[in-house]
Amino acid sequence: MTTGFGRDLVAALAAQPRSISPKYFYDAEGSRLFDRICELPEYYPTRTELGILQRHAGEMGALAGPGCEIVEFGAGSLRKVRLLLQAFEAPARYVPIDISGEYLRDAAAVLRREFAGLDVQPLVADYTQAVALPPAGKGRRIGFFPGSTLGNFTPEEALAFLQGAARLLQGGALILGADLVKDPNVLHAAYNDGAGVTAAFNLNLLARANRELGANFQLANYAHYAFYNAPLARIEMHLVAREKQVVAVGGERFAIAEGEALHTENSYKFTIAGLRDLASRAGFRPGPAWTDPERLFSVHWLHAP
Ligand SMILES: C[S@@+](CC[C@H](N)C(=O)[O-])C[C@H]1O[C@@H](n2cnc3c(N)ncnc32)[C@H](O)[C@@H]1O
């Protein structure tokens, strides 16, 4: 298998327990499904974070200063950054980074038409690897990592990512969105929506393998299973086989027994104090932390000295 997805899927299927990075959800179809998740009544994080950004973008703009450059990690639909671009004083450049290339390029083209004069430089890249940014301009470099995507990392990976971000953003800051620990039933509902969109998003991993790698997953054989693991403060998503199946991927065959699971995502939840401590250990100096009245979600200003 020549693609990273192919190699990692074969390795995941060969291992026990089976687990693969959630970054492989995101081909163009995965990005579209994620955007539908963001509109679901059960999925409070997007609307709550948008509300926090709406209320506090002015304060963030004052901290960023004029002519800054915004670098967004895992940019997706570019919906949230519009609130910053509108509130900040003459932002000079915007570098959205995403692994979902076709989707990113289309979203960047729309944004470019909306913000004439803004230098928009989309970067199709995996932000867990070294990212080559365009040389820094005159303004401060402000990172933006919304959507609580940080929660998809293990705590060790999150620390490593933040250490890298602190180096990349030296002299600037990171605006970080982090979902908060809360009633597990609210969390559970957010990943088990009634319309089945999260299930389709989870199953898209297998659909993508069929499309891109010529695999033969029978999608109807796999159940979306998401639950809150309270001791680890994380939602776990799995795909569980309803029946045994022999799957062929990249010339290799794997016997999957009834009830066996492929672990597809973790989504860690944070406390404000825990997040600030993690950021400090990564080299940031925590500034303001904003939240909503129900304390569902948080947005953090982290100085990168
Ligand atoms: C949970 S979505 C969040 C999207 C958007 N930022 C938001 O807040 O609604 C995660 C985004 O990060 C991207 N992504 C996931 N893993 C990535 C990686 N390793 N490198 C680059 N982008 C990644 C996905 O394609 C997706 O657009």
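**Questions on a predicted model**

Biologist: Does M60 count as buried or exposed?

Modeller: M60 has 0% relative accessibility. This is a predicted model, in which local features need pLDDT of at least 70, side-chain atom pairs count only at pLDDT 80 or more, and totals for chains, interfaces and linings use all residues. Residues are numbered from 1 along each chain as its sequence is written, and side-chain values use heavy atoms, with hydrogens and water left out. Under 20% relative accessible area is buried, over 50% exposed and in between partly exposed (1.4 Å probe, protein chains only), so M60 counts as buried.

Biologist: What distance separates the C-alpha atoms of M60 and F88?

Modeller: M60 lies in helix α3, residues 44–64 (helices are DSSP runs of H or I with at least four residues, strands are runs of E with at least two, and both are numbered from the N terminus). F88 is 28 residues away from M60 along the chain, and their C-alpha atoms are separated by 7.7 Å.

Biologist: Which side chain is joined to that of T264 by a polar contact?

Modeller: T264 belongs to strand β12, residues 261–268, and is buried with a relative accessible area of 0%. A polar contact is a pair of N or O atoms within 3.5 Å; within protein, one must be able to donate a hydrogen and the other to accept it, and residues adjacent in sequence count only if both atoms are side-chain atoms. At 2.8 Å, the partner of T264 is the side chain of N202.

Biologist: What is the distance between the C-alpha atoms of L302 and L174?

Modeller: L302 is placed in strand β14, residues 297–303, and counts as buried at 0% relative accessibility. L174 is 128 residues from L302 along the chain, yet their C-alpha atoms are separated by 5.1 Å.

Biologist: Which element supplies the largest share of the largest nonpolar core?

Modeller: This core has 40 residues, of which L9, I20, L206, F217, Y222 and V249 touch the most other members. A nonpolar core is a set of buried Ala, Val, Leu, Ile, Met, Phe, Trp, Tyr and Cys residues joined through side-chain atoms within 4.5 Å. Elements that each supply at least two residues include α1 (4–14), α2 (28–38) and β8 (222–229). The largest share, seven residues, comes from α8.

Biologist: How much of the accessible area that the ligand has on its own does the protein cover?

Modeller: A polar side-chain atom of K80 lies 2.7 Å from an oxygen atom of the ligand, and a polar backbone atom of Y127 is 2.9 Å from a ligand nitrogen atom. Of the 590 Å² that the ligand has on its own (Shrake-Rupley method, 1.4 Å probe), the protein covers 93%.

Biologist: What is the phi of L78?

Modeller: L78 lies in the loop between β2 (69–73) and α4 (81–87), and is buried with a relative accessible area of 1%. Although L78 is not a glycine, its phi is positive, at about 65°.

Biologist: What is the phi of S148?

Modeller: The loop between β6 (141–145) and α6 (155–168) holds S148, which counts as buried at 5% relative accessibility. S148 is not a glycine, but has a positive phi of about 55°.

Biologist: What is the omega of the cis peptide bond between Q16 and P17?

Modeller: P17 is placed in the loop between α1 and β1 (18–19). The cis bond that joins Q16 to P17 has an omega of about -5°.
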